[in-house]
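I opened my notebook to look through one structure, step by step. Here is the model, and my entries follow below.

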Amino acid sequence: MIWTLLLVRTLDLSIPPLLIWAGIPIAQLSLVLAFTPGGIGILEGGWYAVLTLAGLPNETISAFLLGQRLYWTLFSALLLGIGWLLLITRKQEKTKEVASK
């Protein structure tokens with residue numbers, strides 16, 4: 001919830017925190033139907049339904065959904081990069097260990 005609230009503040013959107021709090025479980029339940037990698041489109045559909053029923057304008061909803069998907073993509077890329085660096089570092093350490101024996 002915290003990252004969603006930070007995203008809303010960063011994008012300067014007028015989405016009430018209570019709506020975010022109530023919308024997270026509903027949007028997450030939409031992932032039961034997810035058949036696409038990363039729930040692409042399914043999670044957004046859940047959020048779209050929640051935000052539309054709350055009466056928010058389409059511009060606000062679109063900015064939120066695009067920002068959310070961009071955040072998850074960047075966060076996943078960051079985790080992938082950190083994992084890759086750790087793997088390379090461990091591999092180099094093992095290579096040096098074997099070479100020193």
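Predicted model: local features only at pLDDT ≥ 70, side-chain atom pairs only at ≥ 80, totals over all residues.

**Entry 1**

I started with Glu-44, which counts as buried because its relative accessibility is 13%. My cut-offs: buried means under 20% relative accessible area, exposed means over 50%, and partly exposed is in between, with a 1.4 Å probe and protein chains only. Residues are numbered from 1 along each chain as its sequence is written, and side-chain values use heavy atoms, with hydrogens and water left out.

Which residue does the side chain of Glu-44 meet in a salt bridge? I found Arg-69, at 2.6 Å from N to O. Glu-44 belongs to helix H3 (residues 42-53) and Arg-69 to helix H4, so the pair ties together parts that lie 25 residues apart in sequence. For a salt bridge I need a side-chain nitrogen of Lys or Arg within 4 Å of a carboxyl oxygen of Asp or Glu. My search of the whole structure gave 1 salt bridge.

**Entry 2: The overall fold**

Next I stepped back to the protein chain, which has 4 helices and 0 strands. Along the sequence the pattern reads α-α-α-α. Helices (H or I, at least four residues) and strands (E, at least two) are DSSP runs, numbered from the N terminus.

I then looked up the dimensions: the C-alpha trace spans about 70 × 30 × 20 Å along its principal axes. The radius of gyration of the chain is 19 Å, whereas a compact globule of 101 residues would have one near 13 Å. That radius is taken over C-alpha atoms, and the globule rule is 2.2 Å times the number of residues to the power 0.38.

How many of the 101 residues count as buried, as a percentage? I noted 25%. Among contacts between residues at least 6 apart in sequence, 50% join residues at least 24 apart. A contact here means heavy atoms within 4.5 Å.

**Entry 3: The nonpolar core**

I went looking for the inside of the fold. The largest nonpolar core has 15 residues, and Ile-15, Trp-47, Leu-51 and Phe-64 touch the most other members. H1, helix H2 (17-29), H3 and H4 each supply at least two residues of this core, and H3 gives the most, with 4 residues. A nonpolar core is a set of buried Ala, Val, Leu, Ile, Met, Phe, Trp, Tyr and Cys residues joined through side-chain atoms within 4.5 Å. A reminder to myself: in soluble globular proteins, nonpolar side chains tend to be buried together.

I listed the contacts of Ile-15, leaving aside neighbours within four places in sequence: Val-8, Ile-20, Leu-51, Leu-56, Thr-60 and Phe-64.

Is Thr-4 buried or exposed? Thr-4 is buried, because its relative accessibility is 2%. Thr-4 sits in helix H1 (residues 2-10). Not counting residues up to four places away in sequence, Thr-4 touches Ile-20, Ile-24 and Phe-64.

**Entry 4: The surface**

The chain exposes about 7,400 Å², and carbon and sulfur atoms supply 72% of that area. Accessible areas come from the Shrake-Rupley method with a 1.4 Å probe, and for residues only the protein chains shown count as cover.

I also found a nonpolar surface patch of about 550 Å², made by Trp-72, Phe-75, Leu-78, Leu-79, Ile-82 and Leu-86. Patches are made of residues with over 30% relative accessible area and no salt bridge; like charges are joined within 9 Å, and nonpolar side chains (Val, Leu, Ile, Met, Phe, Trp, Tyr) within 5 Å. I checked Ile-82, which is in helix H4 (residues 58-100) and counts as partly exposed at 43% relative accessibility.

**Entry 5: The loops**

Where does Asp-12 lie? I found Asp-12 in the loop between H1 and H2. Asp-12 has a positive phi of about 55° although it is not a glycine, and is exposed, with a relative accessible area of 69%.

Ala-54 is in the loop between H3 and H4 and is partly exposed at 42%. Ala-54 and Asp-12 are 42 residues apart in sequence and 18 Å apart in space, C-alpha to C-alpha.
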